[in-house]
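Hi,

Here's the model I said I'd pass on.

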Amino acid sequence: MLKQLIAVISMSLQTVPQRLGASSVIVIGIAGVVAVLVSVLAMGAGFQHTLADSGRDDRVIILRGGSDAELNSNLTRTDIDTIGNAPGLAKDADGKALLSSELVTVVNVPKLDTGTDANVTMRGVGLKLAEVRPELKIVSGKMFRPAVRELIAGVGAAKLFRGLTVGSVLRLRNADWTVTGIFSSNGDVHESELMADVDTVGSSIERPGYSSAVGLLTSAAAFTAFKDSLTSDPQLKVDVQREREYYAKQSAGLTKTINVVGTTVAVIMAIGAMFGALNTMYSAVAARSLEIATLRAIGFGAFPVLFGVMIESLLLSLLGGVIGASLAWMFFNGHTVSTLGAAFAQVVFQLIVTDTLIITGIIWACIIGLLGGFFPALRAARLPVAEALRAG
Amino acid sequence: MKYFPLIWATLWRKKTRTLFTLLSIVIAFLLFGMLETVDYAFSHPSAGATGADKLITTNKYSITLPLPFADLQEIRSVPGVTDATWLTWLGAYYQESKNFVFALPIDTESYFNVHKDEFIVGDEQMKNYRSTRSGALVNVALMKKFGWKVGEKLPVHSTIWTQKNGSLDWTFDIVGTFDVKDSTQANAQAYTVLFHYDLFDEGRSFGKGTVGWIEERIDNPANAAAIAGKIDALFANSSNETKTQPANDFAMTFIKQIGDIGFVLRAILGAVFFTLLFLTGNTMMQSVRERIPELAVLKTLGFTDGKVLALVIAESLLLCLFAAVIGLGLSYATLPIIGQALQGVQLDPVALIPGLGAAVLLALIVGFPPALRAMRLNIVDALSGLH
Amino acid sequence: MGPSGSGKTTLLNLIGGLDTPTSGEITVAGQRLDKLSSGGLSRWRANHIGFVFQFYNLMPMLTAQRNVELPLLLTNLSSEKRKANAVAALTLVGIADRAKHKPSELSGGQAQRVAIARALVADPMLLVCDEPTGDLDRKSADEVLHLLQILNREHGKSIIMVTHDPKAAEFASRQLHMDKGSLLEAGAALV
């Protein structure tokens with residue numbers, strides 16, 4: 001059986017050069033499908049990484065009860081003090097809770113490519129920023145000073161907007177702010193933001209209070225005790241979430257949309273590619289009916305013939321899949337895109353062509369190839385031998 | 001014309017091959033239609049026929065930031081503004097977060113003034129609405145969608161505004177329904193529930209004295225830009241700078257922020273077109289190659305070289321246009337589903353027309369090389385190649 | 001007639017305007033074929049010549065009737081006239097009852113009759129036949145030769161035929177032999 005199979009396959013492969021045009025139909029058709037699928041899903045994966053993978057399990061974000069986003073939330077100074085005293089928060093050398101009271105607002109900055117204004121998230125942060133967000137690193141310039149109109153910009157924002165370079169001055173809401181540094185933060189959503197001292201931001205936009213508090217717990221397990229102590233307090237109406245879950249919720253909608261659209265488009269294309277594959281394999285079988293009949297006459301079984309055809313289809317599809325995935329990787333891996341995030345401000349993210357995506361693309365290619373090769377293979381196996389010999 | 005039976009019969013010479021090629025083209029144009037329609041909708045957002053005489057004023061920095069109610073007085077005094085109304089985003093849903101509801105608190109007088117002649121409401125129902133503080137007028141499509149009835153209570157959940165008692169739930173009494181006159185606005189208003197701004201403002205626990213955005217009606221659309229400029233000048237250098245735009249433009253700037261959707265869509269379409277080109281081109285080439293002897297016979301009958309070229313091109317056109325029409329027709333059928341998913345974006349079938357152009361282009365690119373081959377064949381060689 | 005490679009088919013192709021001479025002149029029925037352009041030759045063929053081939057060369061995807069109508073597509077005749085003429089040609093060759101059949105459904109002899117009908121339908125002055133009986137059994141071959149004879153004697157059609165079939169030679173009013181590219185009966189002009 002195996003020997004026969006190998007013989008059939010090598011015969012098929014030897015004839016491929018003669019049938020280059022038709023064979024490349026499968027390769028190119030499937031390469032197209034896989035390239036589109038992987039590229040679009042890479043957008044979803046990139047967005048997911050930036051948002052949902054933001055955050056640590058031992059970091060919490062506290063919002064006013066009932067608000068679903070920082071922008072809609074409102075906490076007073078008293079609230080912050082109560083939160084700061086809850087059990088479970090890590091403390092610094094002086095015994096102060098690692099809690100950053102934050103104020104989120106939106107400002108307009110012109111985009112680098114079009115020059116038109118777009119929204120950027122501006123986040124006022126508390127003094128404990130460095131300890132609460134240890135992954136935040138200044139990559140050029142230096143940190144802003146409190147009580148002055150200085151800010152640092154995330155690397156993502158710096159790529160997208162004009163004037164975000166160390167030392168430049170931005171006019172935000174009728175006040176001049178100096179950019180003192182650029183920061184990175186593990187590729188998460190904060191890289192699309194501007195950060196400054198929370199009280200300075202508050203007085204600048206004439207808004208009392210804060211929008212949220214972000215704190216570092218002593219450990220991920222301390223979450224439950226921390227949350228319970230706050231939610232059971234009758235004076236306080238807050239929602240306590242692990243930071244990771246909060247961001248996952250924020251990104252859920254868009255990620256789902258991207259994945260649904262991408263998959264739908266790819267499915268439709270795959271159906272089209274399958275018809276192309278069917279065409280190619282049917283004509284491949286027809287062109288070789290004499291050879292196949294001869295093999296059968298000699299004594300080759302039907303199954304080796306069937307498998308032989310399917311494997312030829314599979315190999316061509318595999319090639320197409322690899323080409324498609326490579327194209328997607330070459331053109332789009334690391335490509336920066338920006339879109340509207342949850343606060344109606346721009347979020348910068350990179351397309352990521354993950355290994356999983358490449359494997360997914362190749363699996364799709366193989367499935368299309370198998371489906372496209374099956375019926376022609378069946379016909380080849382069932383070929384009436386005598387008739388084919390006579391016709392040849 | 002008279003050559004049709006010949007061309008049609010030639011196409012179906014190898015039934016399965018033609019069928020599969022046809023189906024591939026149909027699928028490609030189904031996709032083309034769907035993507036083109038979405039791309040067109042995002043690059044041509046319409047505010048309806050009445051959009052030209054309306055402006056929208058928002059906080060300059062973000063539509064999520066409020067404006068002081070006092071601004072209205074000043075705006076009304078700007079020459080050219082015939083009336084102004086105020087609104088706030090409730091951010092509400094019905095029962096589950098996926099059931100988005102555009103619950104809009106309105107000031108009855110000014111709202112229906114600014115949106116004169118846009119809504120169709122029964123007189124009796126309008127009377128009940130005015131006299132019921134907790135009353136609500138619901139879009140007929142929305143009524144149907146959830147099976148609500150006039151006289152029922154309608155509870156919605158706001159994601160932003162808490163009442164004084166801390167609850168995020170707001171309940172109205174459905175006193176009537178409305179329909180929109182302009183069918184191009186049907187989608188945009190399909191989720192709308194109108195209720196009284198007083199109920200909202202008195203009930204909310206914060207933000208009193210602020211509004212979400214302001215809509216103005218102006219006397220002459222030609223002056224839109226000038227009037228908008230005058231309105232913004234009123235608040236420049238204040239702590240609540242405004243941005244006023246014609247209603248049409250407002251939709252556009254918002255959509256532009258979603259990113260270059262057009263680029264993504266066009267890249268996908270490009271990939272689809274290219275692979276289709278290859279697939280169909282290969283089939284045509286193969287088919288003509290097989291038919292060289294037959295084409296030679298046509299020449300013996302007296303068909304000129306030019307006629308033979310034309311026959312092959314005609315065959316290509318017939319195949320591609322036939323399949324494209326089917327594909328585009330199918331995509332037309334999917335428009336309601338896409339419209340649903342995009343919640344309020346108006347899809348215009350006129351976007352499908354370029355699809356026919358693409359089909360012709362495809363047919364010509366794919367048909368020319370084999371047509372040339374057919375035209376140039378040498379009769380004697382081709383005939384002897386037969387056997 | 002003549003042995004293989006004697007140039008019979010080449011001569012036939014030249015007479016029928018399917019091929020052009022590399023040098024020299026060729027005149028058929030007063031028309032200088034070597035002076036005609038490719039388009040001119042096509043038109044001349046359409047108007048004056050009907051071809052019958054050894055392997056019939058019918059379009060496999062068309063019915064017999066539509067096959068016969070093919071040359072008429074080049075004329076200005078209406079659809080009804082084309083149909084009528086095709087049926088008339090099929091009747092003439094005695095195969096009108098198979099008008100709606102595809103070539104795959106016809107026997108060799110029947111297919112060749114359809115081919116002859118196609119060659120006749122535009123009323124050409126000359127029928128050019130290249131081994132018309134080469135692929136037929138004896139019975140069918142004789143039927144076809146009889147038909148050709150009737151067309152010649154009763155309907156006045158000029159027929160020039162290349163053949164290996166000795167029986168065919170008996171049906172002809174004149175026989176010419178070729179060898180190595182030259183006519184053996186030197187000095188005889190073709191009419």
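**The sheet in chain B**

In chain B, T57(B) has I214(B), in strand 12, as its bridge partner. Before going further: this is a predicted model, in which local features need pLDDT of at least 70 and side-chain atom pairs count only at pLDDT 80 or more, while totals for chains, interfaces and linings use all residues. Residues are numbered from 1 along each chain as its sequence is written, and chains are lettered from A and ligands numbered from 1 in the order in which they are written.

Back to that bridge. Strand 1 (residues 54–59) and strand 12 (residues 213–218) of chain B pair in the antiparallel sense over 4 bridges. Strands pair here if DSSP finds at least two bridges between them; strands are DSSP runs of E with at least two residues, helices are runs of H or I with at least four, and both are numbered from the N terminus.

The two strands belong to an open, antiparallel sheet of 4 strands in chain B, ordered 3-12-1-13. Strand 3 (81–87) and strand 13 (242–246) of chain B are at the edges with a single partner strand each, so one side of each has no neighbour in the sheet. On average, neighbouring strands of this sheet are turned by 25° against each other, direction ignored. Lying across strands 1, 3, 12 and 13 of chain B is helix 8 (residues 224–235), which runs at about 170° to strand 13 of chain B. Axes are lines fitted to C-alpha atoms, for helices over the stretch in contact, and angles run from 0 to 180 degrees between N-to-C directions.

**How the chains meet**

I count two residues as in contact if their C-beta atoms, placed from the backbone, lie within 7 Å. Of the 2 pairs of chains in contact, chains A and B share the most contacts. No contact joins chains A and C, and their closest C-alpha atoms lie 14 Å apart. Between chains B and C, 20 residues of chain B touch 21 residues of chain C. On the chain B side, helix 1 (4–11), helix 11 (292–301) and helix 14 (379–384) each give two or more residues, and helix 11 of chain B has the largest share with 5 residues.

**Chain A**

Chain A has 12 helices and 12 strands. Its C-alpha trace spans about 95 × 45 × 30 Å along the principal axes.

Cheers
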